[in-house]
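Please work through the exercises below with the sequence and the model at hand. Each task is followed by a solution in steps.

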Amino acid sequence: MLHSRAAVSQLRLARWLSSVFRPEFFPVVGFVALFAFTYLSLLPWQFKVFVLSLVALGTIVLPRLTVRFWRRANRMERHLLRLRQNRFFPYLVYILYYAFTLHLLTRLHLPHYMRGIIVGSLLIQATCAFINLWWKISLHAAGAGGVVGALMAYSLIFGFNPLWWLSLCILIAGLVGTSRMLLRQHSLMQVVAGSVAGAVLGFAGIMLS
């Protein structure tokens, strides 16, 4: 009885982690962190709200609504999106919206390291979509890994010691990856591959944009 209760609690926690740390949430989190912990906090709050709203619409709201409309139009149950063969269109939707969001942010002449958050996220989405043609990789793990890579890049740009923040991000990435395996959505190899790809692409997106 105690064992079954513990298993149920673990699954509930895994579902919660998977819902809270969804990959499409990380771009908004990245912009919030920049506005809160860098000199960008001096910007007018109206501008910060405008940028955050733009990013949230382009990376969360509009892609999710589009995928939901497509799924309902095709009478597809939500759980069927977990299958590799059904993931290409959602990937494509997010890639297009991310690219358009990047275009808008470029038109606003935002600093390259701000646009780099979207660049890194776009690289992660595109790479995972390409790999998904043959093999199911964990986008959750890639998103969490992207935060780790982006944090390393920002530590070089702004010259701060990332140890404590890096430890927290790695812990969260580990919890997210573990939750995906507990929910039997991915294997260990798929989670590790996603984490490594995300960290590399998240770092590259910031440094090379």
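Predicted model: local features only at pLDDT ≥ 70, side-chain atom pairs only at ≥ 80, totals over all residues.

Residues are numbered from 1 along each chain as its sequence is written, and side-chain values use heavy atoms, with hydrogens and water left out.

**Exercise 1. Determine how many salt bridges the structure holds, and describe the residues that form them.**

Step 1. A salt bridge is a side-chain nitrogen of Lys or Arg within 4 Å of a carboxyl oxygen of Asp or Glu. Side chains of opposite charge can pair when their charged atoms come close. The structure holds two such bridges.

Step 2. One joins Glu24 to Arg22, with an N to O distance of 2.9 Å. The other joins Arg64 to Glu24 at 3.8 Å, N to O. Arg64 belongs to helix 3 (residues 45-73), whereas Glu24 sits in the loop between helix 1 (2-20) and helix 2 (26-37), so this pair ties together parts that are 40 residues apart in sequence. Helices here are DSSP runs (H or I, at least four residues), numbered from the N terminus.

Step 3. For accessibility, buried means under 20% relative accessible area, exposed over 50%, and partly exposed in between (1.4 Å probe, protein chains only). Glu24 is buried at 4%, Arg22 is partly exposed at 23%, and Arg64 is partly exposed at 27%.

**Exercise 2. Describe how helix 5 and helix 8 cross.**

Step 1. The axes of helix 5 and helix 8 come within 7 Å and cross at roughly 145°. Axes are lines fitted to C-alpha atoms, for helices over the stretch in contact, and angles run from 0 to 180 degrees between N-to-C directions.

Step 2. The crossing of helix 5 and helix 8 is right-handed. The contact (heavy atoms within 4.5 Å) includes Gly116, Gly120 and Leu123 of helix 5, together with Gly198, Gly202 and Gly205 of helix 8, among others.

**Exercise 3. Identify the residues of the nonpolar patch on the surface and the helix that gives its largest share.**

Step 1. Patches are made of residues with over 30% relative accessible area and no salt bridge; like charges are joined within 9 Å, and nonpolar side chains (Val, Leu, Ile, Met, Phe, Trp, Tyr) within 5 Å. Accessible areas come from the Shrake-Rupley method with a 1.4 Å probe, and for residues only the protein chains shown count as cover.

Step 2. The patch is formed by Phe88, Leu92, Leu96, Phe130, Leu133, Trp134, Trp135 and Met189, with about 880 Å² of accessible area together.

Step 3. Helix 4 (residues 88-107) gives the largest share, three residues. Leu92 lies in helix 4 and is partly exposed at 33%.

**Exercise 4. Which phi value do His109 and Arg184 take, and where do these residues lie?**

Step 1. Phi of His109 is near 60°, a positive value in a residue other than glycine. His109 lies in the loop between helix 4 and helix 5 (112-132) and is exposed at 69%.

Step 2. Phi of Arg184 is likewise near 60°. Arg184 lies in the loop between helix 7 (163-182) and helix 8 (188-208) and is exposed at 78%.

**Exercise 5. Is Asn86 buried or exposed, and which residues does Asn86 touch?**

Step 1. Asn86 is found in the loop between helix 3 and helix 4. At 19% relative accessibility, Asn86 is buried.

Step 2. Not counting residues up to four places away in sequence, Asn86 touches Trp70, Met76, Leu80 and Leu81.

How values were computed
Helix = DSSP H or I, 4+ residues; strand = E, 2+ residues; numbered from the N terminus. Left-handed = near helix turned anticlockwise from the far one by under 90°.
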